[in-house]
Amino acid sequence: MKNRFQKKIFWAINKLLFWLPAVMYMALIYHLSSAPPPQTARAFPVLFEIKVLHIIEYAGLAALILFAVHNTADLPFKWAAAYSIMLTYIYGLTDELHQVFVPCRGPSLIDPFANLAAAYLAMAAVYYLRGKTNRRRRS
């Protein structure tokens, strides 16, 4: 039988494991923004000066953060989504600050707003998909 301390350690490790995908994805974003963009990234379309790849990248991050928040905090969806949007936006700001110090890269005033839009789009998609699955279960 496990003692109370072992149970608390197991509980904490379980909670931290839910954050691992988001943290690994953040590390990947950091790594990719530490070098000049590859040719494949330049091939993605740009709409209204917003790179579509940026939207996809940060929507994925917002979804992973939502997964972590949902599984580690007892919050209603709207609060979990709000925290996910906020954390995604803050990480995007730190990424833009990081790019100030990277040769051949530079910060953009538009990118943080693209990150925010991506996070909102991800939350809207999750909300819509949650509604569809809930309706299907009730039928």
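Predicted model: local features only at pLDDT ≥ 70, side-chain atom pairs only at ≥ 80, totals over all residues.
Of the 139 residues in the chain, 26% are buried. The chain exposes about 9,800 Å², of which carbon and sulfur atoms supply 71%.

The largest nonpolar core comprises 21 residues, and the members that touch the most other members are Tyr-58, Leu-61, Ile-65, Tyr-91 and Met-123. Helices α1 (4-32), α3 (52-72), α4 (77-100) and α5 (111-138) each supply at least two residues of this core, with α3 giving the most, namely eight residues.

Helix α3 has 21 residues and reaches 30 Å from its first C-alpha to its last, close to the 30 Å expected at 1.5 Å a residue. Its buried residues are His-54, Ile-55, Glu-57, Tyr-58, Ala-59, Leu-61, Ala-62, Ile-65, Leu-66, Ala-68 and Val-69, a list in which the charged residue Glu-57 is included. Helix α4, with 24 residues, extends 35 Å between its first and last C-alpha atoms, close to the 34 Å expected at 1.5 Å a residue. The buried residues of α4 are Phe-77, Ala-80, Ala-81, Ser-84, Ile-85, Thr-88, Tyr-91, Gly-92, Asp-95, Glu-96, His-98 and Gln-99. An α-helix has 3.6 residues a turn, so residues three or four places apart point the same way.

Thr-88, which is placed in helix α4, counts as buried because its relative accessible area is 0%, under the 20% cut-off. Apart from residues up to four places away in sequence, Thr-88 touches Tyr-58, Leu-61, Ala-62 and Ile-65, as well as Asn-115 and Ala-119. Gln-99 also lies in helix α4, and its relative accessible area of 4% is under 20%, so Gln-99 is likewise buried. With the same exclusion of residues up to four places away, the contacts of Gln-99 are with Ser-33, Arg-105, Gly-106 and Pro-107.

The surface carries a nonpolar patch formed by Leu-75, Trp-79, Tyr-83, Met-86, Leu-87 and Ile-90, which together have about 530 Å² of accessible area. One of these residues, Tyr-83, is found in helix α4; with a relative accessible area of 37%, Tyr-83 falls between the cut-offs of 20% and 50% and is therefore partly exposed. Leu-109, in turn, is found in the loop between α4 and α5, where its relative accessible area of 75% is over 50%, so this residue is exposed. The C-alpha atoms of Leu-109 and Glu-96 are separated by 8.7 Å, the two residues being 13 residues apart along the chain, and Glu-96 is itself one of the buried residues of α4.

Notes. Residues numbered from 1 in each chain as written. Heavy atoms only, no water. Buried < 20%, exposed > 50% of the residue type's maximum accessible area, 1.4 Å probe, protein only. Areas by Shrake-Rupley, 256 points an atom, 1.4 Å probe, with all protein chains shown as cover. Core = buried A, V, L, I, M, F, W, Y, C linked by side-chain atoms within 4.5 Å. Helix = DSSP H or I, 4+ residues; strand = E, 2+ residues; numbered from the N terminus. Expected span 1.5 Å × (residues − 1). Contact = heavy atoms within 4.5 Å. Patch = residues over 30% accessible without salt bridge, like charges linked within 9 Å, V, L, I, M, F, W, Y side chains within 5 Å. Salt bridge = Lys/Arg side-chain N within 4 Å of Asp/Glu carboxyl O.
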